Amino acid sequence: MSQRNVPNCFKRNVPYLPLHAATPVTLQVSASDLENDPIQYQILLDGQVLADWTSSASKPWTPSASQLGLHLFQVNVHDAYGGSTSQELEVFVVWPPVGHP
């Protein structure tokens with residue numbers, strides 16, 4: 001009996017707001033598989049692995065002052081039967097707001 005594998009469905013839960021340098025954020029993504037196959041996530045930042053293949057759908061990240069500007073996150077998702085998908089999200093890192101007395 002051949003097993004049909006449907007591609008994973010992917011949704012993102014990353015806010016579209018600018019991220020502040022030196023302020024921790026948690027990237028939280030969510031994906032589902034129609035056959036309920038276990039899935040794994042990989043998160044890339046500007047093409048570099050931030051979180052390698054893992055079952056965890058979240059990754060803490062603290063952008064540094066040297067990371068001001070536009071960045072590209074790519075989230076890849078796959079299951080054990082060849083189903084996969086990916087999605088990209090651009091974020092902009094800015095200086096934190098200055099508190100005035």
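Helices (H or I, at least four residues) and strands (E, at least two) are DSSP runs here, numbered from the N terminus. Colour by secondary structure and you'll get zero helices and eight strands. A bit of housekeeping: this is a predicted model, where local features need pLDDT of at least 70, side-chain atom pairs count only at pLDDT 80 or more, and totals for chains, interfaces and linings use all residues. Residues are numbered from 1 along each chain as its sequence is written, and side-chain values use heavy atoms, with hydrogens and water left out.

**Stop one: the sheet.** Select S2, S8, S7, S4 and S5, in that order: these five strands form an open sheet with mixed pairing. (Two strands pair if DSSP finds at least two bridges between them.) S2 (19–20) and S5 (48–54) are the edges; each has a single partner strand, so one side of each lacks a neighbour in the sheet.

**Stop two: S4 against S7.** Zoom in on these two strands, which pair antiparallel over seven bridges. Pick Tyr41 and you'll find its bridge partner in S7, Val77.

**Stop three: the core.** Now show side chains for Tyr41, Ile43, Trp61, Phe73, Val75 and Val77, the residues with the most contacts inside the largest nonpolar core, which has 18 residues. Such a core is a set of buried Ala, Val, Leu, Ile, Met, Phe, Trp, Tyr and Cys residues joined through side-chain atoms within 4.5 Å; buried means under 20% relative accessible area (1.4 Å probe, protein chains only). S3 (25–32), S4 (39–45), S7 (69–79) and S8 (84–94) each supply at least two of its residues. The largest share, four residues, comes from S4.

**Last stop: the whole chain.** Select everything: of the 101 residues, 32% count as buried.

How values were computed. Buried means under 20% relative accessible area, exposed over 50%, partly exposed in between (1.4 Å probe, protein chains only).
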